[in-house]
Amino acid sequence: MSIAFLVYPAEDKPGRRKNKSFDWTTNAGAYMVIDVLRRSGRDVKFCSPESAKEHDIVLVSLTSTFDVYNFIRAVGRKKSWRKRDFTVVVGGFGLQNVVPLRHYIDYAVFGRAENIITDLVSAIEQKRDFEHESVLNMADGIRPVKVAQPKELYPYKLDTQPRAYKEREVGCPRKCFFCHYSFARKHIKGHSGQFYGAMDWGPIKEVLFDRLLEDSDRKSKTRTALDGFSERLRFAFNKRISNEEIVETLNRASREWESSCVWLTVYHIGSYPTETDEDRAEFAAILSKVEAKKQIYMHVHVSPFRPSPLTPSAYLPANIDFDWRRFQSKTILKKDNLNAFFLPSMESPFSLLQSLLVERATEETDEIIEKICFSKKLGRMKAGQKLAALQRNFDLTPYTREYSLEEKLPTWYVEGHIPQETVRKMAAKLKESLGLADGNRR
């Protein structure tokens, strides 16, 4: 049987990377699957949406919820996909809700696929049934699934471009209540026994000063995540970084960093439920207490809060009315030896809505997603205009509203490595911390 990974046509727009194969990106999950299949003696090719019909099995990698739109745009209007005689298998971190994809796929693999894929492909080749707790056969409809977890780090180097890749860590030991990755992937320690993901502020005291970037001419630059403008919001979402610790860490960085100045990129989550102007102002007030001995330049990037599936945040509302782009390039605080300002690019509310539509999709969502994918008129609009047009023509409250703890979520059928009942108890704690309605019901 012929097996191929789907890749999309080259983009003609200026500045876009041409994507005729995976060679331009390190898609580790897809390369693991390719490596496993090739080690089993199977050849894996690449195909376009048009040439997919020349193969027996077509594999699709979704790295984010935005890839759902890329996939539907690529295949949604093609008869060869609606009435296909090849088998489509989809997986990847962007597979959080199978509902928007149900017309175009045959199997959905939730979680890590390297330990499942050869058995699934063998079953397809032999035209026999395949059952696994992490795999949905769309012919049987949607049933409960559990996200597959790796038992160990992937042992082989992957021949990716621009450089080879070897897995060092899976998941995250911290359980920030907004983090889909942390709840979807069980943590497996790397060979060093330390976490090498996006730097958290807590361990920055060890990481920042004992394990700086190896390239000496870049030692002035690093990045970390605070994920909340106020201590109240950070603690509510289990990101337990105190205001005092922020001041202490910046003071120490200014004293002990080898270079003449410190360039620090800080990632925040904004538009949390119950977030106020006072919460946002608290960050500048805390920075004003820093007494830096050398110049600190702080770039701040803000992503709007997402109530991600599998997390305690899945029950919370989302805000598509607050546009963080109005803060682009604006100064947060400028004082002696500390200059903090927002980065010149921020995510739009329309981009947030796109994620919400996938993560909270039901069968009724098809019309909206198809409008986004195929409406030429909508496609010519700017992001704000697109959002306004959708608000005029569709009821978007199902995708932005708060869910009670007793309600069935749109992704009710997916369970991560933490049982749903445990996540629900965490959600109750979160709602109580935020002062939301049913937070005291556990």
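This is a predicted model: local features need pLDDT of at least 70, side-chain atom pairs count only at pLDDT 80 or more; totals for chains, interfaces and linings use all residues.
Two strands are taken to pair if DSSP finds at least two bridges between them.

Strands S8 and S9 belong to an open sheet of five strands, in which the order is S8-S9-S10-S12-S11 and the pairing is mixed. The edges of the sheet are formed by strand S8 (221-225) and strand S11 (331-335), and because each of these has a single partner strand, one side of each is left without a neighbour in the sheet. From one strand to the next, the twist averages 20 degrees. Helix H9 (residues 277-287) packs on this sheet, where it touches S9, strand S10 (295-304), S11 and strand S12 (338-342), and the direction of H9 makes about 15 degrees with that of S11.

Helix H10 (residues 349-359) packs with helix H13 (residues 383-393) at an angle of about 50 degrees, and their axes lie 8 Å apart. H10 is therefore oblique to H13, since an angle counts as roughly parallel only under 35 degrees and as roughly perpendicular from 65 to 115. On the side of H10, the contact is made by Pro-349, Phe-350 and Leu-353, whereas H13 contributes Ala-383, Lys-386, Leu-387 and Leu-390. When the residues in this contact of H10 with H13 are sorted by class, six are nonpolar, none is polar and one is charged.

How values were computed. Residues are numbered from 1 along each chain as its sequence is written. Side-chain values use heavy atoms; hydrogens and water are left out. Axes are lines fitted to C-alpha atoms, for helices over the stretch in contact, and angles run from 0 to 180 degrees between N-to-C directions. Helices (H or I, at least four residues) and strands (E, at least two) are DSSP runs, numbered from the N terminus. Angles under 35 degrees count as roughly parallel, over 145 as roughly antiparallel, 65 to 115 as roughly perpendicular and the rest as oblique. Contact means heavy atoms within 4.5 Å. Ala, Val, Leu, Ile, Met, Phe, Trp, Tyr, Cys and Pro count as nonpolar, Asp, Glu, Lys and Arg as charged, and the others, Gly among them, as polar.
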